[in-house]
Amino acid sequence: MDVALLGIGKMGHGIAKALLRAGHRVTVYNRTHSRAEALRPDGAIVVASIAEACRNEAVLTMVADDPALESFVVSEGGILASLPRGAAHISLSTISVALSDRLAAEHAKADQGYLAAPVFGRPEAAEAGRLAVVVGGGDALIQKYKLLFEAMGPNLFVVGERPSMANVVKLSGNFLIATVLESLSEALAFARKSGVDAGALMEFLTATLFNAPVYKIYGDLIVQAKHEPAGFALPLGLKDVRLVLQAAEATNVPMPIASVVRDRFITAMARGNQDKDWSILGRIAADDAGLPQTARAAG
């Protein structure tokens, strides 16, 4: 398919490579032009404007937050103004439920398709084509672009006709990951303070009670204090927890644990960890327990 990808951060870079490897013709655009240029050797077509990128069957967006996506969509020469009728905007970003609903309405008015298709996975999974994709929207549109989702990863969850349902799923999943980070951080701090080897404990737990990728990946990051480079930056984690609370309040759903985790992220931010991976919660729990830094963290 002829597609464009707007937003070439770590995730966007990996997704572009996976799409190219699957044989799709991929046009890329990024405000920092050098990031898009880095994909030219892989076969990507690099353009200098959103309007140029919109001359394709679909435009995929992978940006950090609501304001970034809104600027891509509604600005002069943006997606709404430039995408042809019948073409589709596919949002891969983790955005608010409210914005997703607004985008669906605006694209419908412009006779453009819109799908919300947020993804689960870190940058290395994106490049390997091993993401899990959650998609919401009309069935005909999903089937039309299914090859793109299959190029991104083997797991596709079609959640429903309303695009923002996919954003609900994504926010729910990220909330659960955030709670795993906090609970792992507390448990490992407790174990270390009590003289238990944290690495051996994680090997035991992930081989028995918690044999799941999220525990294995983040348990390893916390035990080894591998918080740089950030696979998923702390400010993005804080943003997602805030979006969960915002959407939950709009539907009168209390989420007290989400409030606690939000405050833990704010604590981590206050201690100067803005450029760290969100697994830095492990360091926060260790500090609160009066534990020394590990050799890796100290180095």
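Reader: How many bridges join strand 5 to strand 6, and do they run parallel or antiparallel?
Author: Strand 5 (residues 88–91) and strand 6 run parallel and are joined by four bridges; strands are DSSP runs of E with at least two residues, numbered from the N terminus, and two strands pair if DSSP finds at least two bridges between them. This is a predicted model, in which local features need pLDDT of at least 70, side-chain atom pairs count only at pLDDT 80 or more, and totals for chains, interfaces and linings use all residues. Residues are numbered from 1 along each chain as its sequence is written, and side-chain values use heavy atoms, with hydrogens and water left out.

Reader: Which residue is the bridge partner of I90?
Author: I90 has L115 of strand 6 as its bridge partner.

Reader: Are the residues on the two faces of strand 6 buried or exposed?
Author: Strand 6 (residues 113–116) is covered on both faces, with G113 and L115 buried on one side and Y114 and A116 buried on the other. Buried means under 20% relative accessible area, with a 1.4 Å probe and protein chains only.

Reader: Turning to helices, where do helix 10 and helix 15 meet?
Author: In helix 10, A178, L181, E182, S185, E186, A189 and R192 meet L281, G282, A285 and A286 of helix 15, contact being heavy atoms within 4.5 Å.

Reader: What about the axes of that pair?
Author: The axes of helix 10 and helix 15 (residues 281–288) come within 8 Å and cross at roughly 35°. Axes are lines fitted to C-alpha atoms over the stretch in contact, and angles run from 0 to 180 degrees between N-to-C directions.

Note on methods: Buried < 20%, exposed > 50% of the residue type's maximum accessible area, 1.4 Å probe, protein only.
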